[in-house]
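This report walks through one protein model and its ligand.

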Amino acid sequence: MITWNDNPDQKNIIDMSGIGQSYDGGENWIIKDLRFIIEDKPDQGQFAVILGMSGCGKSTVLRYIAGLQKPTQGKVLLNGKEVDESQRASMVFQQYSSLPWMSVLDNVALALRYQGASRSEREAKAMEMIKLVGLEGHEKKYAQYPSLSGGQLQRVAIARSLLANPDILLMDEPFGALDIKTKLQMQDLLTSIWHKFHSTIIFVTHDISEAVYLADDIYIMKAAPSHFVEHIPIDLPINRTRATKRDPRYTALVHEVEDKMIAVSEM
Ligand SMILES: Nc1ncnc2c1ncn2[C@@H]1O[C@H](COP(=O)(O)OP(=O)(O)OP(=O)(O)O)[C@@H](O)[C@H]1O
Ligand SMILES: [Mg+2]
């Protein structure tokens with residue numbers, strides 16, 4: 001069973017407790033007594049992966065953290081403050097979430113529109129992120145398929161989210177629709193971003209091998225009513241490469257997580 005660190009001196013970047021969600025105004029709780037606490041590790045950041053069966057509330061948890069939805073019960077704190085307009089995390093969705101009538105540059109720069117920066121300053125910062133995600137030369141293209149491929153569109157969304165708030169990145173099955181090679185490239189891009197910005201990345205996937213490859217920690221949710229039931233620390237070396245996937249410890253962890261997922265689905 002999951003245990004949370006209740007040390008009062010611990011600083012948490014995300015702190016949700018007593019979370020409940022009902023949609024009918026009554027006692028039909030889809031989420032009940034949900035707790036999700038992620039310690040702030042400013043000098044290293046961290047990669048937390050959420051796993052759970054379809055419909056168990058993973059996207060809902062991300063929407064709370066992004067300030068796109070408020071729970072019926074309980075509070076969502078980012079760095080000790082309730083989520084609001086001034087502090088929220090930015091999200092990358094499975095479905096490409098860029099504005100297709102705008103250029104790549106304008107999409108990424110949009111993250112800074114409400115921060116009072118001049119257009120040239122916004123564009124300079126956006127270009128830095130565009131270079132970082134490997135899209136230099138594509139900045140004038142419309143952010144739409146097929147001018148850009150699926151993987152490139154996800155790079156646009158990652159650049160925009162990073163510019164909006166590099167401290168917390170929320171990713172909801174972002175690589176689910178990508179081919180295997182692009183997926184591996186995107187996984188490594190994300191790992192390099194995590195190490196560069198010391199971001200806290202909260203990542204939802206159905207792919208257990210992807211979860212073990214990327215995560216510092218895996219959290220498993222159960223449904224009906226939803227809450228977190230398992231925490232699995234991933235004790236692999238922090239720098240992951242393709243060789244990691246040949247490590248017997250990696251294979252053992254994939255099996256362990258799979259067994260826990262099955263057990264949780266039968267709870
Ligand atoms: N407006 C709503 N009214 C009623 N139920 C809702 C509403 N929005 C979401 N739900 C329910 O909340 C639950 C959690 O949904 P959520 O999208 O968070 O699941 P998920 O874990 O992300 O699933 P998936 O893996 O399929 O993406 C689901 O059972 C869904 O039917
Ligand atoms: Mg979902």
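## Strand pairing and the open sheet

Ala48 has Asp217 as its bridge partner in β9. This is a predicted model: local features need pLDDT of at least 70, side-chain atom pairs count only at pLDDT 80 or more, and totals for chains, interfaces and linings use all residues. Residues are numbered from 1 along each chain as its sequence is written, while chains are lettered from A and ligands numbered from 1 in the order in which they are written.

Helices (H or I, at least four residues) and strands (E, at least two) are DSSP runs, numbered from the N terminus. Two strands pair if DSSP finds at least two bridges between them.

Ala48 also has a bridge partner in β8, namely Ile202. β3 and β8 (residues 200-204) run parallel. The open sheet has six strands, in the order β6-β7-β8-β3-β9-β10, with mixed pairing. At its edges are β6 (90-92) and β10 (227-233), each pairing on one side only. From one strand to the next, the twist averages 20 degrees. In β10, His227 stands opposite Lys222.

Ser17 has Lys75 as its bridge partner in β4. Leu77 is bridged to Glu82 in β5. β4 and β5 form a hairpin with two residues between them, and Asn79 in the turn has a positive phi of about 50 degrees.

| Strand pair | Sense | Bridges |
|---|---|---|
| β1 (residues 12-22) and β4 (residues 73-78) | antiparallel | five |
| β4 and β5 (residues 81-82) | antiparallel | two |
| β3 and β8 (residues 200-204) | parallel | five |
| β3 and β9 | parallel | four |
| β9 (residues 217-222) and β10 | antiparallel | six |

## Helix packing

Axes are lines fitted to C-alpha atoms, for helices over the stretch in contact, and angles run from 0 to 180 degrees between N-to-C directions. Two residues are in contact if their C-beta atoms, placed from the backbone, lie within 7 Å.

Helix α7 (residues 248-265) lies across β3 (46-51), β9 and β10. Its direction is at about 165 degrees to β10.

Helix α3 (residues 119-132) packs with helix α4 (residues 150-164) at an angle of about 130 degrees. Their axes are 9 Å apart. α3 and α4 are therefore oblique to each other. Angles under 35 degrees count as roughly parallel, over 145 as roughly antiparallel, 65 to 115 as roughly perpendicular and the rest as oblique.

From α3, Lys125, Ala126, Met129 and Ile130 meet Ala159, Leu162 and Leu163 of α4. By class, this contact has six nonpolar, no polar and one charged residues. Ala, Val, Leu, Ile, Met, Phe, Trp, Tyr, Cys and Pro count as nonpolar, Asp, Glu, Lys and Arg as charged, and the others, Gly among them, as polar.

## Ligand shell

A residue is near a molecule if its C-beta atom, placed from the backbone, lies within 6 Å of it. Around ligand 1 are Tyr23, Ile30, Gly52, Ser54, Gly55, Cys56, Gly57, Lys58, Ser59 and Thr60. Helix α1 (residues 58-65) gives the most to this shell, with three residues. The shell has three nonpolar, six polar and one charged residues.

## Backbone exceptions

Most residues other than glycine have a negative phi, and most peptide bonds are trans. Asp33 has a positive phi of about 50 degrees although it is not a glycine. Asp33 lies in strand β2 (residues 29-39).

The peptide bond from Tyr145 to Pro146 is cis, with omega near 5 degrees. Pro146 sits in the loop between α3 and α4. Ala224 and Pro225 are joined by a cis peptide bond, with omega about -15 degrees. Pro225 is in the loop between β9 and β10.
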